[in-house]
Amino acid sequence: MRCDSCSKLATERIPEEPGQVCLTHAIEFWAGFMAHARKERRAQKKLERLKERLSGVAQFPEQVR
Ligand SMILES: [Zn+2]
(Lines give C-alpha, C1' and ligand atoms only; values in the text may rest on other atoms or scores of the structure.)
Protein backbone atom coordinates (compact mmCIF):
# COMPACT_ATOMS: atom_id res chain seq x y z
CA MET A 1 0.00 0.00 0.00
CA ARG A 2 1.21 3.46 -0.90
CA CYS A 3 0.95 6.70 1.04
CA ASP A 4 -1.90 8.85 -0.20
CA SER A 5 0.08 12.08 0.03
CA CYS A 6 3.25 10.87 -1.71
CA SER A 7 4.43 7.71 -3.43
CA LYS A 8 6.28 6.21 -0.50
CA LEU A 9 5.32 2.95 1.09
CA ALA A 10 2.59 3.43 3.68
CA THR A 11 3.93 1.93 6.89
CA GLU A 12 2.06 3.97 9.48
CA ARG A 13 -1.54 3.96 10.59
CA ILE A 14 -3.33 7.17 11.52
CA PRO A 15 -6.83 7.50 13.01
CA GLU A 16 -8.07 9.54 10.05
CA GLU A 17 -8.39 9.31 6.29
CA PRO A 18 -6.50 7.96 4.39
CA GLY A 19 -5.65 5.69 7.33
CA GLN A 20 -2.32 4.47 6.01
CA VAL A 21 0.54 6.84 5.31
CA CYS A 22 4.32 6.87 5.19
CA LEU A 23 6.45 7.70 8.22
CA THR A 24 6.97 11.30 7.11
CA HIS A 25 3.30 12.00 6.67
CA ALA A 26 2.45 10.18 9.89
CA ILE A 27 4.74 12.61 11.70
CA GLU A 28 3.10 15.47 9.84
CA PHE A 29 -0.34 14.23 10.91
CA TRP A 30 0.59 13.82 14.58
CA ALA A 31 2.35 17.18 14.61
CA GLY A 32 -0.84 18.79 13.31
CA PHE A 33 -2.86 16.77 15.78
CA MET A 34 -0.66 18.01 18.60
CA ALA A 35 -1.24 21.59 17.54
CA HIS A 36 -4.93 21.09 18.28
CA ALA A 37 -4.64 18.79 21.28
CA ARG A 38 -1.56 19.68 23.24
CA LYS A 39 -2.81 17.85 26.28
CA GLU A 40 -3.03 14.59 24.43
CA ARG A 41 -0.11 12.71 25.99
CA ARG A 42 -0.62 9.63 23.89
CA ALA A 43 -0.21 11.64 20.70
CA GLN A 44 2.88 13.30 22.05
CA LYS A 45 4.50 9.98 22.87
CA LYS A 46 3.55 8.63 19.49
CA LEU A 47 5.04 11.64 17.74
CA GLU A 48 8.27 11.31 19.69
CA ARG A 49 8.55 7.66 18.83
CA LEU A 50 7.98 8.28 15.13
CA LYS A 51 10.57 11.03 15.07
CA GLU A 52 13.08 8.70 16.68
CA ARG A 53 12.39 6.17 13.99
CA LEU A 54 12.80 8.77 11.27
CA SER A 55 16.22 9.77 12.57
CA GLY A 56 17.17 6.12 12.90
CA VAL A 57 17.00 3.87 9.86
CA ALA A 58 14.46 1.45 11.25
CA GLN A 59 12.29 0.58 8.26
CA PHE A 60 10.92 -2.71 9.55
CA PRO A 61 7.19 -2.80 10.22
CA GLU A 62 6.32 -2.19 13.83
CA GLN A 63 3.14 -2.81 15.73
CA VAL A 64 1.21 0.44 15.93
CA ARG A 65 -0.94 0.92 18.98
ZN1 LIG B 1 3.73 10.21 2.46
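**Close-up views of a predicted model**

**View 1. The protein chain as a whole.** Of the 65 residues in the protein chain, 12% are buried; a residue is buried if 20 or more other C-beta atoms lie within 10 Å of its own, exposed if 12 or fewer, and partly exposed in between, with C-beta atoms placed from the backbone. This is a predicted model, in which local features need pLDDT of at least 70, side-chain atom pairs count only at pLDDT 80 or more, and totals for chains, interfaces and linings use all residues. Residues are numbered from 1 along each chain as its sequence is written. The protein chain has two helices and two strands, in the order β-β-α-α along the sequence. Helices (H or I, at least four residues) and strands (E, at least two) are DSSP runs, numbered from the N terminus. Of the contacts in the protein chain between residues at least 6 apart in sequence, 17% join residues at least 24 apart; two residues are in contact if their C-beta atoms, placed from the backbone, lie within 7 Å.

View 2. Arginine 13 belongs to strand β1 and counts as exposed because it has 12 C-beta neighbours inside 10 Å. The C-alpha atom of arginine 13 is 9.1 Å from that of leucine 23, and the two residues are 10 apart along the chain. Proline 18 sits in the loop between β1 (12-13) and β2 (20-21). The peptide bond joining glutamate 17 and proline 18 is cis, with omega about 5°.

**View 3. The largest nonpolar core.** Six residues form this core: Ala10, Val21, Ala26, Phe29, Trp30 and Leu50. Helix α1 (residues 23-36) supplies the largest share, three residues. A nonpolar core is a set of buried Ala, Val, Leu, Ile, Met, Phe, Trp, Tyr and Cys residues joined through C-beta atoms within 7 Å. Phenylalanine 29 is in contact with Ile14, Glu16 and Val21, leaving aside its neighbours within four places in sequence.

**View 4. Threonine 24 in helix α1.** Threonine 24 is located in helix α1. It counts as partly exposed because 15 C-beta neighbours lie inside 10 Å. From C-alpha to C-alpha, threonine 24 and cysteine 3 are 9.7 Å apart in space, while in sequence they are 21 residues apart.

**View 5. The two helices, α1 and α2.** The axes of α1 and helix α2 (residues 41-55) come within 9 Å and cross at roughly 150°; axes are lines fitted to C-alpha atoms, for helices over the stretch in contact, and angles run from 0 to 180 degrees between N-to-C directions. The two helices are therefore roughly antiparallel to each other, a label for angles over 145 degrees, while under 35 counts as roughly parallel, 65 to 115 as roughly perpendicular and the rest as oblique. Residues of α1 making the contact include Leu23, Ala26 and Ile27, and those of α2 include Ala43, Gln44 and Leu50.

**View 6. Leucine 50 in helix α2.** Leucine 50 is part of helix α2 and counts as buried because it has 21 C-beta neighbours inside 10 Å. Not counting residues up to four places away in sequence, leucine 50 touches Leu23, Ala26, Ile27 and Trp30.
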